[in-house]
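Welcome, and thanks for taking a look at this structure.

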Amino acid sequence: MWIVGVIIGVVVVLLIISIIYIYNKLIRDRNRVDNAWHQIDVQLKKRYDLIPNLVETVKGYAAHESKVFENVTKARNMGINAQGVGEQAQAENMISGALKSLFAVAENYPDLKANQNFLMLQEELSGVESKIAYARQFYNDSVMSYDTDRQRFPANMIAGMFSSTFMDKEYFEIEVEAERAAPKVEF
Amino acid sequence: MATTTFYEEISKNKWKSALLVSVFIALIVGLGFIVGYLLGSWEWAIIGLIIATVIATIMAFLSYYNSDKIAMATAGARQVTREEYPYYVNTVEGLSIAAGLPPPRTYIIDTPAMNAFATGRDPEHSAVAVTSGLLEQCNRLELEGVLAHEMSHIKNYDIRLMCMVVVLVGMVVIFAEVMLRMFIFGGGRGRRDSGMGGEAGGWVALVMIILGLLFLILSPLIAQLLQLSISRKREYLADANSAMLTRYPEGLASALEKLTVKAKPFNRASKATAHLFIVQPFRKEAKQKASGKSSMWDTHPPIDKRVERLRAMSGLEGMYNQAQMEARLSGESP
């Protein structure tokens, strides 16, 4: 009789150990997703910090292009005050668009284009721009591996048991149709 | 799943690193024992054993903590800051975000040759180096491809394995060579006075001498082969992971082609560090491409095969997030 007891005991212990293991793995996955989301915010903040400097530098050479500066500043404020993912994404797209036209204007001022400070800011901004894209990519990759781990058997049972801990995470998608249809860049 | 393979590769590589160190320590200790025996008697063998163990342990620790600095120093690389090379540093930082790793330190090697490598003991203590030739001749997408390849080496812990190989293989080669010379020129003197007389003792001694010599001659060869077999497979894997990171296999493919066409030998790479680089620094890649053959002594697979595999990946539908690609492309720097 005691053999049955031992077997049941071993099975229960193994079960508990595997539940702990799977739970911790899911927690790790979830934290990676949260961290990835935070990474996007870090890069967005860097972009907000760079914009005033850029505007000041360009103003020194092209003071009368006030419309462009206004657009950039307005888009930046929208981004800082944005509520929710959708609004945020919209504001970010506005910033990207406004910056594009700012750089297009700068093309007309050879002195500005030769300015070391301007070149540095331009490089920094395009760097931040690609970092934002990479941060979003990493976020989506993290969500994908979180989902995969969550949906696999038997982890799906544990995820179901703790459904308030292992909530669904949204993929980051670019909503604006214009950005989807962006033209091919030749190189 | 891309991420799953990453984690499998990482634990595999950690095991390999540990195994590698154990094998090398055993090799060195064995060498010490045999040399000690050949030099004199069992007492000498014990002394040799102790000395070899101490040396092996110290070297293993040194290689673990300093291999990145050693590799950078032998390659003649200097560390650069964001202020000096914003374009390069930004690209590295962007890719480290994509890979979910802390950004590695950035180094430059001043030479017109085109090459790159990564080193370090883990992602927290990692570094990448590119030649100034590569920076000048590659556009942003190609540079991203190359750096993403290096980032994959970092993420997979290839860098730890490779760096340990550099130091440990170097050590075995030097050790065996020194011992061989000592044996040929000065060895064997003590044996006449050793306490092992008689028929049986003579046979044992003879077998030990033959085994010892064999071991001494073969060990550098074994070490070299081990080094080669480790690195070739890793290159294909890092290429594939690079494509996953940039979502643009064509970038690395066209960079590799540039490296082939404009191949210049890079002389600062020594035999010990050759396998760290993205393309083989010595052998003319063009020649290799023409013959289409790879030899047992190549540290890297032929470039045309690598390009072929990358181009095959470009056909994969749904691998790109087109909008995100465009966002990165629009940041194309002059």
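**Chain B at a glance**

Of the 334 residues in chain B, 45% count as buried. Please keep in mind that this is a predicted model. Chain B holds 11 helices and 4 strands. Among its contacts between residues at least 6 apart in sequence, 72% join residues at least 24 apart.

**The sheet of chain B**

- In chain B, 4 strands form an open sheet in the order β1-β2-β4-β3, and their pairing is mixed.
- Strands β1 and β3 (116-120) of chain B are at the edges with a single partner strand each, so one side of each has no neighbour in the sheet.
- Strand β1 (residues 78-79) of chain B pairs with β2(B) in the antiparallel sense, over 2 bridges. Here B:Q79 has B:Y107 in β2(B) as its bridge partner.
- β2(B) runs parallel to strand β4 (residues 126-131) of chain B, and 5 bridges join them. Along this pairing, B:R105 stands opposite B:A127 in β4(B).
- β3(B) and β4(B) run antiparallel and are joined by 5 bridges. In this case B:F117 stands opposite B:A129 in β4(B).
- Is strand β2 (residues 105-109) of chain B largely enclosed or left open by the rest of the structure? Of its 5 residues, 4 are buried, so the strand is largely enclosed.

**Helices that lie across the sheet**

- Helix α2 (residues 42-75) of chain B lies across β2, β3 and β4 of chain B, and runs at about 150° to β3(B).
- Helix α5(B) lies across β3 and β4 of chain B, running at about 25° to β3(B).
- Helix α5 (residues 140-155) of chain B has 16 residues and reaches 22 Å from its first C-alpha to its last. That is close to the 22 Å expected at 1.5 Å a residue.
- In α5(B), 16 of the 16 residues are buried, so this helix is largely enclosed by the rest of the structure.

**Backbone features in the loops**

- Just after α5(B) comes B:Y157, with a positive phi of about 65°. B:Y157 takes this value although it is not a glycine.
- B:Y157 lies in the loop between α5 and α6 (158-186) of chain B. Why does B:Y157 count as buried? There are 22 other C-beta atoms within 10 Å of it, and a residue is buried if that number is 20 or more.
- B:R247 is a residue other than glycine with a positive phi, near 55°. You can find B:R247 in the loop between α7 (198-246) and α8 (249-261) of chain B.
- B:R247 is buried, with 20 other C-beta atoms within 10 Å.
- In chain A, a cis peptide bond joins A:F153 and A:P154, with omega about 0°. A:P154 is found in the loop between α5 and α6 (155-161) of chain A.

**Helices of chain A**

- Helix α1(A) and helix α2 (residues 66-81) of chain A pack at an angle of about 160°, with their axes 11 Å apart. The two helices α1(A) and α2(A) are therefore roughly antiparallel to each other.
- From α1(A), the contact is made by residues including A:L44, A:Y48 and A:I51, and from α2(A) by residues including A:F69, A:V72 and A:T73.
- The crossing of α1(A) and α2(A) is left-handed.
- Helix α1 (residues 2-59) of chain A also contains A:V10. This residue, A:V10, is exposed, with 10 other C-beta atoms within 10 Å.
- How far apart are the C-alpha atoms of A:V10 and A:H64? They are separated by 80 Å, and the two residues are 54 residues apart along the chain.

**Where chain A meets chain B**

- Helix α5 (residues 116-151) of chain A and helix α3 (residues 86-99) of chain B have axes that come within 8 Å and cross at roughly 15°. That makes α5(A) roughly parallel to α3(B).
- α5(A) passes α3(B) in a right-handed crossing.
- Residues of α5(A), among them A:M120, A:G127, A:Y134 and A:F138, meet residues of α3(B), among them B:P86, B:N90, B:G94 and B:A98.

Methods: Residues numbered from 1 in each chain as written. Chains lettered and ligands numbered in written order. Predicted model: local features only at pLDDT ≥ 70, side-chain atom pairs only at ≥ 80, totals over all residues. Expected span 1.5 Å × (residues − 1). Buried ≥ 20, exposed ≤ 12 C-beta atoms within 10 Å, placed from the backbone. Pairing = 2+ DSSP bridges. Contact = placed C-beta atoms within 7 Å. Axes fitted to C-alpha atoms, helices over the stretch in contact; angles between N-to-C directions. Parallel < 35°, antiparallel > 145°, perpendicular 65-115°, else oblique. Left-handed = near helix turned anticlockwise from the far one by under 90°.
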